[in-house]
Amino acid sequence: MASGGLGIRFKPNMDGNLHVVDLVSNGPALNSGRIHKNDVLTRIDDIDVLGWDLGRVKPLIVGPKGTPVVLGFARSGCKVPIFVRLERTSLPEPASNVSSSSMGMTLMLGSGSGSRLVMAVA
């Protein structure tokens, strides 16, 4: 079965927590309407991932296309966590698997034709 992703670009913030820097057009995360830039990833399913790096969260986010995953986020100004159930899907092929800038490196992760999880590392 092909792997799927969620269409979220993460980057570690100054505290070492992963925050959302971008959402992929037509990806499950953007289509949910519930995930915002600067949200901090706190949970994946029933696992507390606060402070984890991209390498540790990738195997929990990437999975068989069509399968569900529940992400938890902290948002500035919200006192309660935000939980979003998403279904992994194929994402558009990136033009390149790796690009870099002064802000860090963007990796397109996943396997299978058209299946990518978008993440960023500093």
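Pro68 lies in strand E7 of this predicted model. At 40% relative accessibility, Pro68 counts as partly exposed. Leaving aside neighbours within four places in sequence, Pro68 is in contact with Arg85, Leu86, Glu87 and Arg88.

Strand E7 covers residues 68-74 and is joined to E4 by 4 bridges. The two strands run antiparallel. Within this pairing, Leu41 has Phe73 of E7 as its bridge partner. Strand E4 itself spans residues 40-44. Of its 5 residues, 4 are buried, so E4 is largely enclosed by the rest of the structure.

E4 also pairs with E5, again in the antiparallel sense, over 2 bridges. Here Ile44 stands opposite Ile47 in E5. E4 and E5 form a hairpin with 2 residues between them. Asp45 sits in the turn, that is, in the loop between E4 and strand E5 (47-48). Asp45 is not a glycine, yet its phi is positive, at about 55 degrees. The relative accessibility of Asp45 is 35%, so this residue counts as partly exposed.

A positive phi is also found at Asn38, at about 80 degrees, and Asn38 is not a glycine either. This residue belongs to the loop between helix H1 (28-32) and strand E4. Asn38 is exposed, because its relative accessible area is 55%, and the cut-off for exposed is over 50%.

A second hairpin is formed by E2 and E3, with 5 residues between the strands. Gly16, in the turn, has a positive phi of about 85 degrees. E2 and E3 pair in the antiparallel sense over 5 bridges. One of the facing pairs is Ile8 with its bridge partner Leu23 in E3.

The largest nonpolar core has 21 residues. Those with the most contacts inside it are Ile8, Phe10, Ile35, Leu41, Leu71 and Phe73. At least two residues of this core come from each of strand E2 (8-12), strand E3 (18-23), E4, helix H2 (54-61), E7 and strand E8 (82-87). Ile35 touches residues from several parts of the chain: Ile8, Val20, Leu23, Ala29, Phe73, Arg75, Val84 and Leu86, not counting residues up to four places away in sequence.

A search of the whole structure finds 2 salt bridges. In one, the side chains of Asp22 and Arg9 meet at 3.3 Å, N to O. This pair links distant parts of the chain, with Asp22 in strand E3 and Arg9 in strand E2, 13 residues apart. Asp22 has 28% relative accessibility and so counts as partly exposed. Arg9 also counts as partly exposed, at 22%.

In the other salt bridge, the side chains of Arg75 and Asp39 meet at 2.7 Å, N to O. Arg75 lies in the loop between E7 and E8, and Asp39 in the loop between H1 and E4, so the pair ties together parts that are 36 residues apart in sequence. With 1% relative accessibility, Asp39 counts as buried. Arg75 is also among the residues touched by Ile35.

The structure holds 0 aromatic pairs. A charge does sit over a ring, however: the charged end of Arg56 is placed over the ring of Trp52, 3.9 Å from its centre.

Terms used
Residues numbered from 1 in each chain as written. Predicted model: local features only at pLDDT ≥ 70, side-chain atom pairs only at ≥ 80, totals over all residues. Heavy atoms only, no water. Phe/Tyr/Trp six-rings, centres within 6.5 Å; stacked < 30°, edge-to-face > 60°. Lys NZ or Arg CZ within 6 Å of the ring centre and 35° of its normal. Buried < 20%, exposed > 50% of the residue type's maximum accessible area, 1.4 Å probe, protein only. Pairing = 2+ DSSP bridges. Contact = heavy atoms within 4.5 Å. Core = buried A, V, L, I, M, F, W, Y, C linked by side-chain atoms within 4.5 Å. Salt bridge = Lys/Arg side-chain N within 4 Å of Asp/Glu carboxyl O.
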